[in-house]
Amino acid sequence: MFFYRAYSSEEMGDRERRMVFVTVGTTCFDALVKVVDSEEVKQALLQKGYTDLRIQMGRGTYTPSKASGNSNLQVEHFTFLPSIADNIREASLVISHAGSGSIFETLQLGKPLIVVVNEDLMDNHQSELAEELAERNHLLCAHPQTLRATVEAMDLHALQPYIPGEARPVVALINEFLGFPVD
């Protein structure tokens, strides 16, 4: 079920639309959806100049509020779409779970990214990926309880573009090892 409301230019006023897209992928990550839905995080996003909040809530059971308290942040949510690529392209900021697909899709589209680690996962290898990419300044890394502070302190100009590695040397080594012709 997809909830979307188009806002008229009168409703938007003269402000530039800056959308935050939140994704939990195909998982259940209610802790992230709840914290993004909190008035504190919404206020922090507003103070950073964001106007819209679009939340992909996956398999979660928590439903975000459509209203944003006393703020002017426009909120919408949905469970799933065939692809979230258009939402990422349209976003001014992406807040994501630590799934590698969501992370790399966002980075390859050149969008600023805050990755929120799901601490409820056992053997959380995803946190290692997020922390390593944060250490290299490709993204910001947070936990549900630190998201507000991360948004308030974020400096997106300090982020470095992610440039994917070149796979051909690795493929050539594997082909050579397996006895396949090397181009």
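This is a predicted model: local features need pLDDT of at least 70, side-chain atom pairs count only at pLDDT 80 or more; totals for chains, interfaces and linings use all residues.

Q: How many helices and strands does the protein have, and in what order do the elements run?

A: The protein has 8 helices and 6 strands. Read from the N terminus on, the elements run α-β-α-α-β-β-α-β-α-β-α-β-α-α.

Q: How are strands held together in a sheet, and what is the order of the strands here?

A: In general, the strands of a sheet pair through backbone hydrogen bonds, and the pairing is either parallel or antiparallel. In this model, 6 strands form an open sheet with parallel pairing, in the order 3-2-1-4-5-6. Its edges are strand 3 (74-78) and strand 6 (140-142), each of which pairs on one side only. From one strand to the next, the twist averages 15°.

Q: Which residues give an example of a bridge between strand 4 and strand 5?

A: Strand 4 (residues 93-96) and strand 5 (residues 113-116) run parallel and are joined by 3 bridges. Val94 has Leu113, in strand 5, as its bridge partner.

Q: Which strands does helix 5 lie across?

A: Helix 5 (residues 100-108) lies across strand 1 (19-23), strand 4 and strand 5. Relative to strand 5, the helix runs at about 170°.

Q: What is the idea behind a salt bridge, and how many are counted here?

A: Side chains of opposite charge can pair when their charged atoms come close. The count for this model comes to 8 salt bridges. One of them joins the side chains of Lys42 and Asp37, at 2.9 Å from N to O.

Q: Are Lys42 and Asp37 buried or exposed?

A: Both residues, Lys42 and Asp37, are buried. For the protein as a whole, 43% of the 183 residues count as buried.

Q: Where do Arg89 and Asp86 lie, and how accessible are they?

A: Arg89 and Asp86 are both in helix 4 (residues 85-90), 3 residues apart, which is about one turn of the helix. Their side chains meet in a salt bridge of 2.9 Å, N to O. Arg89 counts as partly exposed because its relative accessibility is 46%, whereas Asp86, at 57%, counts as exposed.

Q: How far apart in helix 7 are Arg148 and Glu152?

A: They are 4 residues apart in helix 7 (residues 147-153), so about one helical turn separates Arg148 from Glu152. The closest N and O atoms of this salt bridge are 3.1 Å apart. Arg148 is partly exposed, with a relative accessible area of 40%, and Glu152 is partly exposed at 43%.

Q: Which residues are linked in a network of salt bridges?

A: The network links Arg17, Asp52, Arg54, Glu76 and Glu90.

Q: Which residues form a nonpolar patch on the surface?

A: The patch is formed by Val170, Ile174, Phe177, Leu178 and Phe180, which together have about 560 Å² of accessible area. Among them, Leu178 has its place in helix 8 (residues 168-178). The accessible surface of the protein comes to about 10,200 Å², and 53% of that belongs to carbon and sulfur atoms.

How values were computed:
Residues are numbered from 1 along each chain as its sequence is written. Side-chain values use heavy atoms; hydrogens and water are left out. Patches are made of residues with over 30% relative accessible area and no salt bridge: like charges are joined within 9 Å, nonpolar side chains (Val, Leu, Ile, Met, Phe, Trp, Tyr) within 5 Å. Accessible areas come from the Shrake-Rupley method with a 1.4 Å probe; for residues, only the protein chains shown count as cover. A salt bridge is a side-chain nitrogen of Lys or Arg within 4 Å of a carboxyl oxygen of Asp or Glu. Helices (H or I, at least four residues) and strands (E, at least two) are DSSP runs, numbered from the N terminus. Two strands pair if DSSP finds at least two bridges between them. Axes are lines fitted to C-alpha atoms, for helices over the stretch in contact, and angles run from 0 to 180 degrees between N-to-C directions. Contact means heavy atoms within 4.5 Å. Buried means under 20% relative accessible area, exposed over 50%, partly exposed in between (1.4 Å probe, protein chains only).
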